[in-house]
Amino acid sequence: MPASAELMVQIPAMTKKAKGRAPLSVVVAIIGGLALAGIIFTEDLRSLTEIMEKKKDKQTNEQKRTTSLPAGARMMLTRPVENATPAPPPVENAPPPVKEVAPPTPAKAAFDPSRCSVTEGYWAYNRSKKLYYTDETCPFVDSQDSCQRNGRPDSDYLYWDWHLDDCNLPRFDPAAVLEKLRGKRMMFVGDSLQMGQWLSFVCLVNSAVPYTARTMERTSTLSVFTATDYNATIEFYWAPYLVESNSDRNIRLGADGRVLHVDAVELHAKHWKGADVLVFDSYVWWMTGSRIKTVWGAFGDDGYEELDAWVAFRLGLKTWANWVDANVDPNATRVFFMSISTTHMRSEDWGREGGIRCYNETWPITKKGYWGSGADRRMMEVVSDVLGRMRVPVALLNVTQLTEHRVDAHVSVYTETGGQLLTPEQQADPQTYTDCIHWCLPGVPDTWNQILYAHL
């Protein structure tokens with residue numbers, strides 16, 4: 001029993017024996033015992049406090065040590081802050097400091113296509129992200145885009161999310177998309193990059209469709225995925241220039257042999273009629289050379305004229321725009337146009353001197369607002385100008401800035417060429433075979449479709 005407790009028990013007993021005042025020796029003993037008990041309690045409290053402080057310090061140190069992300073990822077996950085100012089030395093007899101309360105971080109607004117910019121944002125690493133599909137679980141991913149299945153050893157590129165600075169970008173919801181498309185026809189039109197986006201969209205939606213409630217029909221020009229329970233189709237039509245060319249069917253025709261009919265689109269466009277949602281894309285095929293062979297009207301492929309790529313692009317895009325204005329009912333059909341999908345051909349752009357394009361890149365470029373040489377601003381201005389003059393409203397989905405950062409997510413050497421997977425010998429020759437145009441699936445095209453879903 002503690003000394004103080006013993007004293008408290010003894011005091012009444014002594015009081016009963018002494019009818020008068022307590023002897024001086026007894027008083028002194030009581031006061032001394034109480035003082036000793038106070039000292040013991042103070043020392044016990046001080047020891048306990050020291051133990052708790054040591055435990056807290058240990059937990060803090062452990063938290064500082066437990067991070068699995070490199071510095072670049074932490075930078076992307078947090079907002080930039082000013083360097084902390086060292087605390088001034090303590091002043092004697094100074095009043096206790098007033099604790100400053102930081103103002104609460106304003107909540108981001110819900111996504112509004114008319115107000116929210118999808119170009120202003122940052123990539124954040126999220127290893128716990130649940131993937132809707134992989135190139136193993138979705139049977140529709142082409143060999144060209146199946147990086148993991150083709151032997152890519154790293155997987156960090158799969159776990160990045162694009163966050164907007166001021167708005168919340170909603171996560172893709174396959175069930176909600178299927179309901180929006182119930183009884184409708186959606187079509188993607190464009191080149192192989194657009195085909196990759198279509199496959200991404202199909203795989204995202206397919207994750208919510210039973211195996212027995214889907215069909216897929218694929219041809220060289222038109223491919224159709226059907227969700228039978230919803231009577232909905234998600235289609236892709238091959239038209240890399242949107243306008244007609246002699247290489248629409250003969251895709252192996254080299255760039256030098258390609259001739260464009262910049263004023264003709266009907267052979268393609270007749271397949272677009274009746275769609276409820278149209279998503280267009282055209283860029284990379286226009287950039288195969290600085291000059292493009294073009295013809296008008298009834299002239300054959302031999303009567304061509306060579307034009308600068310951006311001039312031919314403007315002529316072709318105007319032809320497409322005129323068809324949309326004349327044939328699309330904006331009350332019945334939504335029309336979207338995808339901006340440039342960036343290429344990464346010069347490793348010097350992101351400071352990798354002596355690198356081989358995007359080969360062996362496993363982490364995004366983290367510099368805010370980074371812009372390399374893989375997107376032609378003049379071509380982007382053509383798109384913006386032509387769309388801005390159209391009668392039918394066309395939503396431009398500007399994915400260029402967010403793709404600029406993703407040097408890590410191209411198919412690289414984990415792809416195919418000429419319809420055949422790269423051999424180990426070819427993969428060992430990245431200077432020749434690295435593909436820094438197309439994207440792995442799952443990957444960046446899933447984010448494009450997340451933005452498309454937000455607009456739907």
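Ala428 is exposed, at a relative accessible area of 63%, where exposed denotes over 50%, buried under 20% and partly exposed the range in between (1.4 Å probe, protein chains only). Ala428 is placed in the loop between helix 10 (424-427) and helix 11 (430-433); helices (H or I, at least four residues) and strands (E, at least two) are DSSP runs numbered from the N terminus. A separation of 8.4 Å was computed between the C-alpha atoms of Ala428 and Val413, which are 15 residues apart along the chain.

The model is predicted, with local features requiring pLDDT of at least 70 and side-chain atom pairs counted only at pLDDT 80 or more, whereas totals for chains, interfaces and linings use all residues. Residues are numbered from 1 along each chain as its sequence is written, and side-chain values use heavy atoms, with hydrogens and water left out.

The protein chain contains twelve helices and 19 strands. Of its 456 residues, 45% are buried. Among contacts (heavy atoms within 4.5 Å) with a separation of 6 or more, 76% are between residues 24 or more positions apart. The accessible surface is about 24,900 Å², and carbon and sulfur atoms contribute 54% of this area, as computed by the Shrake-Rupley method with a 1.4 Å probe; for residues, only the protein chains shown count as cover.

Helix 7 spans residues 309-327, a run of 19 residues. Its first and last C-alpha atoms are 27 Å apart, close to the 27 Å expected at 1.5 Å a residue, the expected span being 1.5 Å times one less than the number of residues. Buried positions in helix 7 include Ala309, Phe313, Gly316, Leu317, Trp320, Trp323 and Val324. An α-helix has 3.6 residues a turn, so residues three or four places apart point the same way. The buried residues of helix 7 pack against helix 6 (266-269), strand 11 (277-280), strand 12 (291-295), strand 13 (305-308), strand 14 and helix 8.

Phi of Arg357 is near 50°, a positive value in a residue other than glycine. Asn360, in the loop between strand 14 and helix 8, likewise has a positive phi, near 65°. Arg357 counts as buried at 16% relative accessibility, whereas Asn360 is exposed at 56%.

Asp135 lies in the loop between strand 2 (121-125) and strand 3 (160-164). Asp135 is buried without a salt bridge, and the nearest oppositely charged side chain, that of Arg149, is 5.4 Å away. Here a salt bridge is a side-chain nitrogen of Lys or Arg within 4 Å of a carboxyl oxygen of Asp or Glu; Lys and Arg count as positive and Asp and Glu as negative, with His and the chain ends not counted. A polar atom of the Asp135 side chain is 3.1 Å from the backbone nitrogen of Gln148. Beyond its neighbours within four places in sequence, Asp135 contacts Val141, Ser146, Cys147, Gln148, Arg149, Leu441 and Pro442. The peptide bond from Leu441 to Pro442 is cis, with omega near -5°. Pro442 is located in the loop between strand 19 (435-439) and helix 12 (444-455).

Tyr230, in the loop between strand 7 (222-227) and strand 8 (232-238), counts as buried at 19% relative accessibility. The C-alpha atoms of Tyr230 and Lys180, 50 residues apart along the chain, are separated by 9.6 Å.

Methods:
Polar contact = N/O pair within 3.5 Å; in protein donor to acceptor, adjacent residues only side chain to side chain.
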